[in-house]
Amino acid sequence: MNILFASSEVAPFIKTGGLADVAGSLPQALARAGHDVKVILPLYEGIRQEWRDQMTFCCWFNVTLAWRSCYCGVFSLYKDGVTYWFVDNEYYFKRADIYGHYDDGERFAFFSRAVIETPQHMNYYPNVIHCNDWQTALVPIYLLEDRYRYPTLANARSVFTIHNIEYQGRYGAHVLSDLFGLDKSYFNEKMLAYHGDVNLMKGAIYASDFITTVSPNYAYELQYDFYAHGLAGVVTDCRSKIRGILNGIDMDVFNPETDPGLAQNFSAYDTAGKAACKAALQQAVGLNQDPDVPIVACVSRLVSHKGFDMVLNALNDLAGMNIQMVVLGTGDWKYEEAFRQFESQHQGRFAARIMYSAALSTAIYGGADIFLMPSVSEPCGLSQIIAMRYGTLPVVREAGGLKDTVQPYNEFTGEGTGFTFTNIETWELVDAVRRASDLYTYNKGAWQHLMFQAMTADFGWSRSAGEYLGIYHDITGIPRPNPGSESEPQPVEEAVIADSQDQPQPQAQETADQAPAAEEASDVPSAPAQESVPAEVSAPAEEPKAEEPAPSEEKPKRVRKAPAKKSDGQKAEAKKPAKAAAKKPAAKKPAAPKARTTRKSAKANGEE
Ligand code: GLC
C-alpha cells in the first residue's frame with residue numbers, strides 16, 4: 001500500500017512536541033510492515049545542515065493558493081525505510097520558529113496544497129493520505145475535489161489524526177476564498193462553518209474518510225465539552241468513523257540498556273545501574289546525595305492543562321513527605337516563579353530547572369523514582385511511557401492516554417505499572433504521591449516488581465501500526481495480506497469510540513481554572529448527556545446514557561504480565577540504500593538548502 005503521511009513536524013528533523021515523535025516513528029513501523037511510506041513536511045529554517053547534506057533536490061513547481069502562485073521545491077531524504085519529502089518555500093518557512101506567526105493559516109494552507117500536488121510530480125499514487133492536526137486539516141478537504149482532478153489521487157483516501165483538539169485552526173470566514181481558494185459551498189455546518197468562522201479541524205473531521213485520535217480514552221472523552229474545546233457535537237456526530245489508537249514510542253531509542261545519556265545503563269533484569277543514575281541526577285541538580293529517599297520528577301511544559309495548579313497547591317504537603325523533587329521545563333510565569341521560590345526555600349530537597357534540556361530529561365527519566373504527570377487533559381502523553389521504560393514509576397491523573405497506559409498498582413495482586421488518581425483534586429494528587437513514596441520506602445520488593453512490570457510493558461509501535469493498517473485496508477478496500485504474516489493488521493472494530501463504563505469522570509478542583517471555555521451555544525449536535533462546562537464546574541460526573549457509542553471489545557491496556565526480554569519485535573531491518581532516486585531538472589535548480597543560522601530551541605526535554 002502507498003501511504004503518504006503529512007505532518008507539520010517530524011522527529012528527528014524538527015520537533016516542538018509529541019506530534020513530531022509520532023510522525024517520526026509510526027511511518028517507520030508502517031514501512032517495516034512492508035508498505036511504501038512517504039512522509040511530507042515543510043523545509044523549515046530550523047532543520048539542521050546535517051540533514052540538509054543528506055537531501056536530494058527532486059523538483060519544483062508552482063502551487064496555486066487562491067489568487068497566489070507560490071514556488072514549491074521538493075527535496076527528499078531516505079532514512080530507515082521511509083522517504084521524507086521536504087517542501088521548500090523560504091518565504092513561508094525560513095523563519096526562526098515553526099509556529100506562532102501572523103500568517104500561520106496561509107503557511108499551512110500552502111503546505112496542504114503542496115501535499116496535494118507533490119504526488120503527481122513524484123509519480124506517486126497514494127492509497128492513503130494520513131494527516132495530523134489542524135496544520136494539515138485542509139488536505140482531506142482539498143482531496144474531496146482534487147481526487148477527480150489529479151490521476152495520482154484518484155484512489156486516495158484520507159485519515160486525519162487528532163493529537164490535540166485544543167488547536168483547531170479557526171479563522172474569519174473571509175479566508176475561505178481569499179486564502180484557501182475554496183468556494184462558499186464549503187461554508188456549511190457539516191464542513192468548515194463554525195459560529196460564523198472557518199474551523200479547519202471541524203472541516204477535516206467531516207471531510208476525512210476516517211478519524212483517529214491518540215488513545216481510546218481520549219476518543220471517548222472527546223464526546224464531552226470539557227475535553228473537546230467546542231467540538232464535542234462534531235465528534236459525536238462523526239463517532240462512527242472515529243477511533244482512538246494508542247501511540248507507541250521507539251523502543252530502541254528509549255532504551256535504558258543502551259541510552260548513552262545515562263550515567264550507567266541498566267535493564268529490567270538488572271536495575272543496579274539506576275542507583276548510579278540517581279546519584280548523578282542528585283549531583284546534577286543540587287539535591288542531597290541520599291540513595292534511599294525517592295525522587296519525584298516532572299518533565300513538562302509548565303502550563304495549566306498539565307495539572308500544575310494542583311502541583312502548586314500540593315507543594316507544601318509534598319515538602320512534608322520524605323521525598324526529593326525535581327521539575328524540568330518552561331511555561332507560564334506563575335509556575336516557573338513558584339518553583340524557583342520553592343527551590344530557594346527547600347535547598348537540597350527541591351530542584352527547579354526552568355529550561356529545555358534533552359540531556360537533563362534523560363538523566364531524570366533514568367535517575368528519578370517517581371514521575372508525576374497529573375494532567376487535566378492528555379490526549380496520549382509520551383513522557384509517562386518513557387518514564388516507565390526507565391523504571392521511573394508514574395503517578396498520573398486518569399485522563400486520556402494516561403489512563404490507557406498506566407495500570408494502577410493493586411496491592412492485593414501485585415499488578416500495576418504506576419499510581420493513578422481520578423479527579424482534579426489536590427488531595428488526590430498528594431494521596432497518590434504518598435502511596436507511591438510509601439511503597440518505595442517500606443516495600444522494596446513490591447517496588448522492584450512494579451518497576452519490572454513497567455519496564456517490560458510493550459509500548460512499541462507494532463500493534464498500533466497494525467491498527468492503523470486495519471483502518472487503511474477498510475477505507476481503501478485493499479485486501480489484507482495473508483493471515484499470520486508479520487504485516488497483518490489488527491481487525492478494525494465495528495464500534496469505534498470505546499465506551500468506558502468503568503471510567504468515572506473527573507470532578508473539578510475547587511480552584512480549577514482549567515476547564516476550557518465553551519460559552520457559545522453549539523450549533524452542532526451536542527455530546528451525549530453533557531452540557532457545556534463552565535470554568536468552575538466539574539467535568540461530566542455521570543456515565544453516558546443509552547445512545548452512547550457501542551462498547552468496544554478491545555480494552556487497550558498494554559501491560560504485559562509475563563515479560564519477555566525484547567518487547568516489541570521492532571528490530572531494525574537491513575537498511576536500504578540511503579539515497580532516493582530523484583530527477584534533477586536541467587535548469588532552474590534552486591540552491592541547496594542552507595544551514596540554519598539561529599533558531600529558538602525546539603522543545604528538547606522529550607516533553608509534549
Ligand atoms: C500531543 C498531545 C500528547 C500526545 C502527542 C502525540 O502533543 O498533547 O498527549 O502524546 O500529541 O500524539
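**A tour of the sheets and helices**

Begin by selecting strand 4 (residues 68-79) and strand 5 (residues 82-88), which run antiparallel and are joined by seven bridges; two strands count as paired if DSSP finds at least two bridges between them. Helices (H or I, at least four residues) and strands (E, at least two) are DSSP runs, numbered from the N terminus. The model is a predicted one, in which local features need pLDDT of at least 70 and side-chain atom pairs count only at pLDDT 80 or more, while totals for chains, interfaces and linings use all residues. Residues are numbered from 1 along each chain as its sequence is written, and side-chain values use heavy atoms, with hydrogens and water left out.

Within this pair, pick out Phe-75, whose bridge partner in strand 5 is Phe-86.

Now widen the selection to the whole open sheet, in which nine strands follow the order 3-4-5-2-1-6-7-11-12 with mixed pairing. Strand 3 (56-65) and strand 12 (242-244) stand at the edges with a single partner strand each, so one side of each is left without a neighbour in the sheet. On average, and with direction ignored, neighbouring strands of this sheet are turned by 25° against each other.

Contact here means heavy atoms within 4.5 Å, and axes are lines fitted to C-alpha atoms, for helices over the stretch in contact, with angles running from 0 to 180 degrees between N-to-C directions. Helix 19 (residues 462-476) lies across strand 1, strand 6, strand 7 (157-162), strand 11 (210-213) and strand 12, and runs at about 145° to strand 7.

Next, select helix 4 (residues 104-121) and helix 5 (residues 138-149), which pack at an angle of about 45° with their axes 9 Å apart. To see the contact, show Ala-109, Ser-112, Arg-113, Val-115 and Ile-116 of helix 4 together with Leu-138, Val-139, Tyr-142, Leu-143 and Asp-146 of helix 5.

Move on to the open sheet of three strands in the order 8-10-9, where the pairing is antiparallel. Strand 8 and strand 10 (residues 197-199) pair over three bridges, and Tyr-171 stands opposite Val-198 in strand 10. Helix 7 (residues 200-207) packs on this sheet, touching strand 8, strand 9 and strand 10, and its direction makes about 55° with that of strand 10.

Finish at strand 14 (residues 324-328) and strand 15 (residues 350-353), which pair in the parallel sense over four bridges; here Val-326 has Ala-351 of strand 15 as its bridge partner.
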